Every structure is written in C-alpha cells, then in structure tokens.
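Subject: Structure for your review

Dear colleague,

Please find below the structure that I am handing over to you.

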Amino acid sequence: MKRMQAWLAAAAMMVSATASATDAPTTLATRLLDQLDAGQYAAAEASFSPQMKTAVPADKLKAVWESLPAQLGAAGSRGEATTSEADGFRIVAVPLHYAHGDVLARVVLDRDDRIAGFMVQPAPPPPPVAPADAPFTEQDLTLPAPTSGKPGLPGTLTVPKGQGPFPAIVLVHGSGPQDRDETIGANRPFLDIARGLAAHGIATLRYDKRTQARPQDFTSESGIDDETTDDAVAAVTALVGNPHVDRRHVYVLGHSQGGLLAGRITRNSHGEVAGLILLAAPARPILDLLGEQNRYLANLDGSISATEQAHLDALDAAITKVRHDPEARLLELPGRYWQQLEKVDPVADARDSQLPVLLLQGGRDFQVVDADWQRWQQGLQGPRYRFHRYPALNHLGIAGEGKGTLDEYQKPGHVDATLLDDIANWVKERQ
C-alpha cells in the first residue's frame with residue numbers, strides 16, 4: 001500500500017506552497033530545497049496551505065529536515081533531478097547525497113504549479129544481481145497491450161532451470177506507483193518472492209506498475225482497472241502464451257490492494273487463472289483502513305497530540321468528502337476513484353471465482369489487520385481455502401519484533417522463507 005504509506009508519512013514531510021506558474025518543475029523543486037538548506041522554515045510555512053500549516057508547522061519541518069544530517073552525516077551534492085507525471089501532478093525526484101548515505105527528495109506540483117507534496121525517502125539500493133549458479137534465469141519482456149489499447153508494460157520473467165513447462169505466478173502490486181520488485185524503503189518483496197519460488201520450480205512474472213512506468217497514461221477519469229486490473233490480466237495472458245509455462249497452472253498473487261483486486265483480475269481473465277494467493281489483502285473498505293492506520297501511527301507513543309488530532313480530523317473530513325463527491329481529492333486521487341474502489345467486495349469476488357485460494361497474513365501488519373483476517377475467514381469456508389498466519393511478519397512478509405512502524409520498512413530484510421515454502425507447497429498440491 002505504497003500510496004497509503006505516502007499519506008501516513010505526510011505529517012513528517014509533506015508541505016503545500018504557492019509559486020510562480022512560469023517556473024519549470026525542477027526550478028520550483030530546487031527553490032524549495034534551497035529554502036530548507038538555508039533554514040528558512042518560517043518563510044516556507046508562510047506559503048503552506050491551511051491544511052499543511054496545521055499538519056507541518058515550521059518547527060516540525062525544521063526538526064525533520066535537520067534530522068537528516070544528524071542521521072546521515074554532512075550534506076553533500078544533489079543528483080540530477082527527474083520529472084514524471086501521475087494523476088495530473090508533476091513529480092520531481094532529486095537525489096540528495098550525505099556523507100553516510102543517500103536519500104531521494106520528491107516534490108509534487110499541482111496543475112497551478114503549487115507545491116502540493118514533499119517527501120524525503122531512503123534511496124532504494126540497486127537490485128542484487130543473480131549469481132551465475134542461481135537455479136533460475138531472468139529475462140526482460142514487455143507485457144501485451146491491455147484491452148484499453150495503452151502500451152504494454154516492461155517486466156521480468158523468472159524461470160527455473162530444468163525441464164519445463166513450469167507453474168507460474170503473476171505478482172500484482174499494492175497501491176501507488178510501484179516498480180516490478182515492489183521496492184518499499186530498503187526492501188524488494190517481489191524480487192524475494194520471484195527468486196525464492198524459482199528455487200521451488202515455480203516461474204513468476206513481475207512488472208512495473210503503470211502509475212510508475214507510464215504515469216502519462218492517467219487522467220482524472222482513470223479508475224482501478226486502468227491502474228491495476230487490465231495490466232494484471234495482460235500479465236496472465238503473457239504467461240499463458242509462454243512456452244516455459246504450464247498454461248493450466250497460472251496463478252495470481254495479489255499483495256495488499258493487489259489482493260483486494262485479485263478476484264476482479266481473475267474474473268476478467270476468462271478462465272485462464274488456476275488459483276489465487278492473497279498476501280496481506282484487505283477485506284474491508286480501503287478508506288476505513290486509511291483512517292485506522294493513521295490513528296495507529298499517531299498513537300504509537302501512547303498519546304495523540306493536538307497537531308496529530310488536527311491531522312486526523314482533516315483526514316476524516318477528506319475521507320467523508322471523497323465518499324460523496326466524485327470531484328473531491330484524497331492522496332492525489334479523485335472521489336470517483338475511491339468510490340469505485342469501495343464498491344469492490346474482495347471476499348465475494350474470491351468466493352465467486354470458484355477457484356482455490358491461499359490466504360497469507362502477518363501478525364505484525366498494522367496496515368491490514370486482524371479485522372480483515374477475520375472477515376476473510378468468515379467469508380471463505382470450505383476445502384477450497386487455505387489460511388496461514390505468521391505472528392512475526394509485517395505487511396511485506398518480513399519478520400520483525402515489537403509493534404509495526406513505518407520506520408521498519410527502511411530496514412533491509414527478506415520475505416520469510418516459511419511463507420515462500422507455504423506458497424510453493426500449495427502450488428505443487430494443485431499440479
């Protein structure tokens with residue numbers, strides 16, 4: 001749920017400001033960074049929107065910005081800025097180099113060239129190169145064009161070495177812009193899943209999500225099928241037609257919001273999917289979860305401050321508004337998108353698929369919680385359904401200790417081996 005994580009982190013590093021409509025996006029981003037480097041926090045706050053003045057006053061912005069050299073050493077140079085578009089916004093990404101590590105600053109500009117968002121995140125490490133003696137091969141490919149007619153997306157097919165054809169799994173991301181490895185902080189769960197399952201003789205197809213690879217394809221009218229469903233169906237088609245793949249055993253693994261939409265993907269795949277694997281999949285409305293997650297994080301220290309409460313109240317008001325107004329916006333998305341997403345009943349969709357379903361849930365997951373797990377268990381009863389819950393795992397399927405936090409995602413880890421074994425064993429039982 002990367003888009004949710006962006007909102008959850010907003011209280012730390014999101015601001016809104018007004019700037020000249022004649023300036024280029026990179027100029028506006030540079031101006032903001034220069035202002036912060038100069039310690040002009042009060043000047044920055046003066047140009048914030050009312051909502052951001054409440055969520056991120058100058059003293060909080062100062063504390064967060066000045067914490068970076070305290071953690072990473074002296075500030076160094078900036079890397080070359082890159083610009084992309086998503087949902088009508090321009091996003092400028094600027095690498096920031098420090099003595100002991102790098103981070104990536106993202107500045108979001110709205111249609112009026114106002115700074116609508118600002119986040120600083122750890123720069124993802126390059127993906128590890130597969131060793132020469134790995135029990136698999138990886139090849140880049142382009143997915144077929146979806147039914148919308150948009151260009152196919154770039155992806156990676158991981159195939160076990162040995163005699164095929166092999167069972168295969170399409171990996172479907174959570175919310176927000178995601179690369180094919182589903183890179184979140186210092187972790188790459190889809191890379192772990194692909195290479196881990198290859199060692200068990202199972203092929204996988206992972207691909208860059210359209211919001212990440214081709215944000216220019218999106219308009220205010222785009223919906224959940226444009227974002228997720230259509231491309232996942234194209235990925236299923238790619239596997240069914242691949243000579244290395246046993247077309248009778250193609251599965252969909254949906255993580256987070258990808259799990260919520262897995263039944264919809266299966267329905268639109270017209271009989272080409274053999275089963276569903278739901279990892280940390282919500283069973284309740286996403287907007288309900290969004291409010292819960294923010295309250296959980298605000299209360300991690302045992303109390304909710306006046307500033308945090310103001311942020312929660314603003315979020316509640318925004319959620320209520322997008323539920324009734326298709327033109328209202330939340331997390332850069334219009335109300336019509338959220339209303340469409342809320343109409344999805346993932347439990348009914350999984351049940352109506354008539355397919356076997358494997359459900360996997362981490363006990364330390366604060367994004368998709370026990371209430372969702374209980375709803376899945378209550379709604380899916382019978383021999384077609386298998387449930388595995390892992391007390392130590394978080395939302396990414398990575399083990400940890402104590403209460404789950406956003407900071408945990410910045411610590412390198414790997415998807416749990418037992419979880420991978422359970423997926424592999426379930427797939428092999430179906431052959």
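Predicted model: local features only at pLDDT ≥ 70, side-chain atom pairs only at ≥ 80, totals over all residues.

The chain as a whole

The chain contains 17 helices and 15 strands. Its radius of gyration is 22 Å, close to the 22 Å that the globule rule gives for 431 residues, so the chain is as compact as a globular protein of that length. The C-alpha trace spans about 65 × 45 × 45 Å along its principal axes. Of the 431 residues in the chain, 55% are buried.

Helix α14 and two of its partners

Two packed helices are described by the angle between their axes and the distance between the axes. Helix α14 comprises residues 335–342, and helix α13 comprises residues 306–324. The axes of these two helices come within 7 Å and cross at roughly 80 degrees. An angle from 65 to 115 degrees counts as roughly perpendicular, and α13 and α14 are therefore roughly perpendicular to each other. On the α13 side, the residues that meet α14 are V322, R323 and H324; on the α14 side, they are G335, W338, Q339 and E342. By class, this contact of α13 with α14 has 2 nonpolar, 3 polar and 2 charged residues.

Helix α9, residues 224–240, also packs with α14, and here the axes come within 10 Å and cross at roughly 45 degrees. The helices α9 and α14 are therefore oblique to each other. I224, D225 and E227 of α9 meet Y337, Q340 and L341 of α14. The residues in the contact of α9 with α14 divide into 3 nonpolar, 1 polar and 2 charged.

Residue A203

A203 is found in strand β9, which covers residues 203–207. With a relative accessibility of 0%, A203 counts as buried. Residues up to four places away in sequence aside, A203 touches T158, V159, P160, F166, P167, A168 and I169. V250 is 47 residues from A203 along the chain, and the C-alpha atoms of the two are separated by 9.3 Å.

Residue S353

S353 lies in the loop between α15 (346–352) and β14 (357–362). Is S353 buried or exposed? The cut-off for buried is under 20% relative accessible area; S353 has 19%, and is therefore buried. A polar atom of the S353 side chain lies 2.6 Å from the backbone oxygen of A350. Beyond its neighbours within four places in sequence, S353 is in contact with T266 and L276.

Residue D416

D416 is placed in the loop between β15 (385–390) and α17 (417–429). The side chain of D416 reaches the backbone nitrogen of T418 at 3.0 Å. Not counting residues up to four places away in sequence, D416 touches L393 and G397. D416 and A310 are 106 residues apart in sequence, and their C-alpha atoms are 38 Å apart in space.

With kind regards

Key:
Residues numbered from 1 in each chain as written. Heavy atoms only, no water. Helix = DSSP H or I, 4+ residues; strand = E, 2+ residues; numbered from the N terminus. Buried < 20%, exposed > 50% of the residue type's maximum accessible area, 1.4 Å probe, protein only. Polar contact = N/O pair within 3.5 Å; in protein donor to acceptor, adjacent residues only side chain to side chain. Contact = heavy atoms within 4.5 Å. Axes fitted to C-alpha atoms, helices over the stretch in contact; angles between N-to-C directions. Parallel < 35°, antiparallel > 145°, perpendicular 65-115°, else oblique. Nonpolar A, V, L, I, M, F, W, Y, C, P; charged D, E, K, R; others polar. Rg over C-alpha atoms; globule rule 2.2 N^0.38 Å.
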